[in-house]
Every structure is written in C-alpha cells, then in structure tokens.
Protein chains: 2
Amino acid sequence: MKVLKVGILGLGTVGGGTYTILTENKAVIEKRTGCSVEVARILDRRKKEGVPEYLYTEDPDEVIACSDIDLVVETLGGIEPATSFMLQAMEHGKHVVTANKAAVAANYQKLTETAAKNGVQFLYEASVGGGIPVLTSIQNELQGNNFLEVMGIVNGTTNYILTKMTEEGADYADVLKDAQAKGFAEADPTADVEGIDVANKLSILIALAFDKYIAPTDIPTTGISKITKADIDAAAAEGCKLKLIAHAKLMEDGTVEASVAPEKIPFAHPLAGVSNEFNAVYITGDMVDELMFYGKGAGALPTGSAIVGDIIKVAKTK
Amino acid sequence: MKVLKVGILGLGTVGGGTYTILTENKAVIEKRTGCSVEVARILDRRKKEGVPEYLYTEDPDEVIACSDIDLVVETLGGIEPATSFMLQAMEHGKHVVTANKAAVAANYQKLTETAAKNGVQFLYEASVGGGIPVLTSIQNELQGNNFLEVMGIVNGTTNYILTKMTEEGADYADVLKDAQAKGFAEADPTADVEGIDVANKLSILIALAFDKYIAPTDIPTTGISKITKADIDAAAAEGCKLKLIAHAKLMEDGTVEASVAPEKIPFAHPLAGVSNEFNAVYITGDMVDELMFYGKGAGALPTGSAIVGDIIKVAKTK
C-alpha cells in the first residue's frame with residue numbers, strides 16, 4: 001500500500017485532534033484512499049499521553065526539512081514562526097495543511113505563490129469554520145458561480161457570548177467570565193471579542209470567493225466588547241438578533257466591501273438560528289442563490305476533521 | 001486553451017439552467033479552470049430561444065457515441081432511457097454528469113462500476129439537494145469521519161406544503177392546489193408527496209455516507225398526503241414542527257436503518273428552521289459532530305450550478 005508520511009508542528013488542541021482522528025479512523029481512511037497515512041514526526045516539547053515518545057522532536061528541521069516527510073500539518077498557531085515553517089516545508093517539496101487563520105490571512109499571497117512555485121498543495125479548510133467544509137465548496141462545487149455576498153458567524157466565543165446575553169438577558173462582563181470558566185473564551189479574549197479572529201477568517205473567505213486579497217488589518221472591524229443589554233433589547237424590538245458578522249459584498253463597480261461588526265439579523269434569517277458556539281457561513285452566488293453551511297467552528301475533533309479531510313485530498317493523489 | 005466539449009441530453013429546466021450558466025459565466029469558468037467548456041450538441045426536440053439551432057439533434061447517438069464529445073450531461077429525468085444513455089456514453093469513454101436521482105438511485109452500482117471500468121468520471125452532485133454541495137463534501141472533506149447519522153429535508157414541494165400548512169393553518173388539499181398553481185408541485189404530485197423522490201435521494205446519501213447500497217424501493221417510505229392540520233397542531237403542542245425527513249442511522253451492529261417519513265423536529269433543531277422550498281441535509285460524523293448544509297434544492301439555476309460544478313471538476317483534470 002502507498003504511504004503518506006505526515007509531520008505535525010504543534011500537538012496542542014487541533015494538532016492533538018488531528019492525531020486522534022488519524023489513529024482512531026486509520027482503517028476507514030486507508031479503505032477510502034488506498035493509502036496509509038502515518039504520523040512520522042511531531043514537533044512539541046509537551047508529551048501527550050498515548051503518543052509514542054520516539055515521534056517527538058524539538059528541532060523543526062526534523063519535520064520541515066526531513067526527506068522522510070511528505071506532508072506537514074501546521075497547528076502551532078500565530079503568524080510566526082508558523083509562516084516561515086510552512087514556507088520552508090514547501091521549499092523542501094512538502095505539502096502543507098494548516099488550521100492557522102492568522103498566518104494564512106497575513107501571508108496569503110506568499111503562501112499560495114510558494115506552494116504553486118514548488119508544485120505542492122497548500123490546504124487550509126480548517127482555518128475558517130473549523131469542521132465546516134465551506135472553503136473547499138467555494139473552490140470546487142460552486143465554481144460555476146460569481147459570488148455576490150458572503151456573511152459568516154465564524155467565531156464561536158463571540159457567538160456564545162451574544163447567545164447567552166440574548167437568551168439570559170445577562171451582561172457582557174458576566175457572560176465573558178462564564179465563557180472563560182467553561183473554556184469557550186481565552187484568558188486574554190482580545191482576538192476573539194474585538195473581531196480580529198473574524199477579520200482573519202473574512203480575509204481568507206474573500207480571497208477564495210472574490211479572488212481578491214484584502215489584508216485583515218484593512219478590514220473595518222468592530223467587536224462585541226461594547227455591546228450592552230440595551231443594544232440586544234433594541235435589536236429584539238426590531239425583530240432581530242445581534243450577531244458578529246464577517247460580511248463581504250461584491251459591489252457594482254467590481255470592488256468588494258468588507259466589514260466585521262455586530263449586525264441585526266432578522267429572526268427569520270437562517271443565520272439568526274445559529275446559536276452558542278456554532279458557526280455558519282451564508283453565501284449568495286449568482287446561480288446557486290442562497291446557501292448556508294453550519295457546524296462546529298472550533299474544537300479538537302471538528303477542526304481535526306477538516307485537517308484530515310485536507311490530508312486525505314493529498315493521499316488520494318499520491 | 002484546452003477545450004472540454006459537452007453534450008446535453010434534454011434541455012428542460014435543469015438542462016436549460018446548465019446551458020445558461022455555461023454561457024453566461026463562460027469567462028469566469030475559463031479563468032478558474034484554464035479550459036474552455038463548450039456545449040457541442042443538445043438532444044431535444046423542443047428548441048429553446050437563444051440556443052443556436054445547429055446544436056440540436058434528435059439522435060441520441062450524436063451525443064453519447066460522438067467522438068467529438070468529452071462529457072455528457074444527462075438531464076432527461078426518469079430511469080429509462082436515461083440510464084442506458086449514461087451507460088453507453090461511459091462505454092464510449094465519456095464522463096457523465098447527471099441530476100437524475102431516480103436513475104442514480106435505481107442503478108447506482110451498475111453506473112459507478114461502469115464508470116470505473118471505463119476510467120471516466122460519473123458525477124451526480126445535483127441529484128440530491130440541488131445546488132447544495134453535500135455529496136461532494138461527504139466524498140471529500142468529510143472522509144476522515146465515520147458517518148453516524150444523516151437527516152435530510154430534500155424535497156422542496158413537500159417542505160413547501162408542510163410549511164404553508166404550519167404557518168397558515170391551511171389544509172393539505174388547499175396548499176397542494178396552491179403549490180401546483182405556483183409551479184412548486186407537479187400536476188401529478190405522487191412522486192413528491194408520497195416520498196418516492198425523497199427515497200431516491202436517501203438511497204444516494206446512504207451509498208456515499210455509509211458505503212452501502214439500499215434500493216429506494218427497500219426504504220420504508222411514508223409521504224405527507226395523509227398529514228392533517230390536527231397532526232401539525234399536535235406536533236406544535238409538543239414544541240415540534242412536522243417535516244418529511246430522509247433518515248439514515250448507523251446501528252451498533254454496523255447495519256444502516258433507513259426511513260422516509262414525517263417526523264417531529266423540535267423547534268430548536270436547525271432542520272426546523274428550513275422553510276418553504278428550501279432543502280437541508282444534517283449530518284453527524286464521529287469526528288466533525290453536527291453539520292448542516294442548506295440551500296435551494298431545485299430550480300434551473302441552483303441545480304444547474306451543481307451540474308456545472310461537476311463539469312468544472314472534469315475540466316480541471318483535463
């Protein structure tokens with residue numbers, strides 16, 4: 001049987017979920033691809049229970065420059081050193097799969113160009129909407145469309161907070177504390193609550209749907225930290241829910257208008273029903289009309305599912 | 001530039017939508033695929049305005065056996081002669097793309113085996129959920145999962161009727177008449193209202209998600225023609241909406257339990273919000289957890305969008 005050797009950079013939540021899926025679902029993946037996907041090397045200092053110690057290294061070159069590795073999974077997070085590692089892996093002829101929206105959004109052009117130059121695949125389905133297969137759908141089945149509009153609820157933390165504020169009439173600060181206690185929000189929640197994470201994801205969605213690169217720092221971005229109970233009540237009085245929306249729209253002159261901000265979504269709109277930590281991306285194409293993709297936008301196994309989907313794409317062409 | 005020559009069997013609603021997309025979005029399709037997709041032959045007696053007369057033929061062999069055609073789009077509908085035409089086209093080395101759920105469900109094994117034997121692609125994304133890219137997602141990005149459950153609202157006519165009965169408190173017979181007047185239901189609505197169309201689509205979903213073939217005629221099927229206002233009120237009293245659900249579940253012994261029947265869906269479930277002629281497929285995977293794909297399940301352009309997506313898949317590999 002053919003073998004695809006995988007190196008993982010960072011065995012945290014998402015890297016760990018990826019490892020779990022490749023291990024637990026090994027048989028079904030082999031059956032579907034005709035290829036054995038083997039984790040050959042892991043860059044991490046922290047050892048995880050159940051993972052053989054000999055797989056670990058603390059030297060990134062043992063993953064990104066090792067002739068034995070066919071594909072590198074980058075799940076370190078953060079823009080650097082993740083971007084440099086991905087570029088180096090591509091220069092060494094390795095396919096790269098990542099969940100890292102910050103790195104992909106910041107360096108989209110450099111990463112895609114380097115992949116093309118080296119004839120390797122660069123896949124990042126997991127970077128937007130976790131396990132929801134929205135990026136691949138935009139790039140494949142929906143390619144007969146001109147995309148007109150993309151609206152996304154793509155951050156679970158802020159959607160959880162807004163849902164609790166709406167359903168329980170609670171204050172922002174109280175819900176944030178509760179979300180932190182439950183692990184739905186980080187100790188420093190800035191990137192989530194100020195919309196920075198959403199802007200990264202919107203930059204990627206725009207690149208794929210509109211074939212234009214808009215840097216996340218160039219997207220007007222308002223988070224939810226100033227939303228009050230009064231704002232939520234005012235929206236409800238108009239028959240709407242407040243949702244943090246990644247919004248991009250093709251204008252008549254061919255430009256794309258982009259924003260990240262809380263928006264009033266009418267109760268009857270499919271996005272209004274997306275609650276708690278769930279994500280959804282709502283797309284309008286000139287031919288397919290309205291579509292919505294809904295699912296878990298974060299978490300070890302849902303996000304790992306998207307990474308493994310990308311790995312399988314490479315395994316099928318091996 | 002490379003050229004992909006397409007023949008279309010049947011220029012009705014869906015075939016016509018496909019032609020429109022290939023014509024109107026020709027430039028963007030060329031840009032995305034590096035391939036010119038050209039409609040070279042159309043089997044139909046009825047001429048459509050705006051379609052060059054010289055493209056038409058009344059001889060199926062001029063499409064399915066013509067050495068000049070690379071890919072055949074089958075949009076005749078019905079099991080025969082559609083199945084025979086598709087098989088013959090494959091034997092002649094042509095890729096086949098279809099929206100024909102009845103033919104795919106009835107002859108799934110024969111069609112997929114014949115495609116494999118002849119080294120051609122057989123693609124049928126449009127056969128379930130119209131423009132919603134659910135089949136491709138099951139076959140690609142979600143392949144790291146064992147699928148546990150599939151629930152679909154995959155017939156627009158019955159969903160429209162149930163929605164109107166629920167929202168307006170109207171009787172089945174009155175809503176059916178209204179749907180027929182609006183073109184949402186056919187003059188003979190049997191295949192829709194008795195769940196036969198849904199069983200065809202469920203058979204295809206099961207084949208892809210569970211790698212098992214269950215003939216549509218072997219799926220216990222109950223339609224909506226006996227649903228009364230009282231049934232809808234009783235469901236509402238329990239906090240539920242009645243929806244016609246294509247349902248398949250992986251059992252502990254590895255078998256798949258399948259049914260088509262009206263089911264009570266709790267208001268808070270994402271499927272409860274799928275109204276009117278919209279479709280949605282709700283999938284649970286062991287890793288990705290819950291996902292829902294939502295959009296227009298019928299119509300010339302949404303269904304044509306899925307057919308063109310399949311054509312583009314072939315064009316990209318040319």
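What rotation and what shift along its axis superpose chain A on chain B? In this predicted model, a rotation of 180° with 0.0 Å of shift along its axis brings chain A onto chain B, at an RMSD of 0.0 Å. That is the relation of a two-fold axis. In chain A, the C-alpha nearest the axis belongs to A:F293, 2.4 Å from it. The superposition is by least squares on the C-alpha atoms of residues with pLDDT of at least 70 in both copies.

Because the model is predicted, local features need pLDDT of at least 70 and side-chain atom pairs count only at pLDDT 80 or more, while totals for chains, interfaces and linings use all residues. Residues are numbered from 1 along each chain as its sequence is written, and chains are lettered from A, with ligands numbered from 1, in the order in which they are written.

**The contact between the chains**

The contact takes 40 residues from chain A and 40 residues from chain B; two residues are in contact if their C-beta atoms, placed from the backbone, lie within 7 Å. On the side of chain A that touches chain B, two or more residues come from each of α2 (26-33), α7 (134-139), β11 (289-296) and α13 (300-317) of chain A. Helices (H or I, at least four residues) and strands (E, at least two) are DSSP runs, numbered from the N terminus. The largest share of this side, 9 residues, is given by α13(A). The same surface serves both copies, as 100% of the contact residues of chain A recur in chain B.

Strand β11(A) is joined by 5 bridges to strand β11 (residues 289-296) of chain B, and the two run antiparallel. Strands count as paired if DSSP finds at least two bridges between them. Within this pairing, A:Y294 stands opposite B:M292 in β11(B).

**The fold of each chain**

Chain A has 13 helices and 11 strands. Its radius of gyration is 20 Å, close to the 20 Å that the globule rule gives for 318 residues, so chain A is as compact as a globular protein of that length. This radius is taken over C-alpha atoms, and the rule is 2.2 Å times the number of residues to the power 0.38. Buried residues make up 55% of the 318 residues in chain A. A residue is buried if 20 or more other C-beta atoms lie within 10 Å of its own, exposed if 12 or fewer, and partly exposed in between, with C-beta atoms placed from the backbone.

In chain B, an open sheet of 6 strands has the order β3-β2-β1-β4-β5-β6, with parallel pairing. β3 (56-57) and β6 (122-123) of chain B stand at the edges with a single partner strand each, so one side of each is left without a neighbour in the sheet. Strands β4 (residues 71-74) and β5 (residues 95-98) of chain B are joined by 4 bridges and run parallel; there, B:V73 stands opposite B:V97 in β5(B).

**Local backbone features**

| Cis peptide bond | Omega |
|---|---|
| A:E80 to A:P81 | near 10° |
| B:E80 to B:P81 | near 5° |

A:P81 is found in the loop between β4 (71-74) and α4 (82-91) of chain A. A:D289, in strand β11 of chain A, has a phi near 70°, a positive value in a residue other than glycine. A:D289 is partly exposed, with 19 other C-beta atoms within 10 Å.
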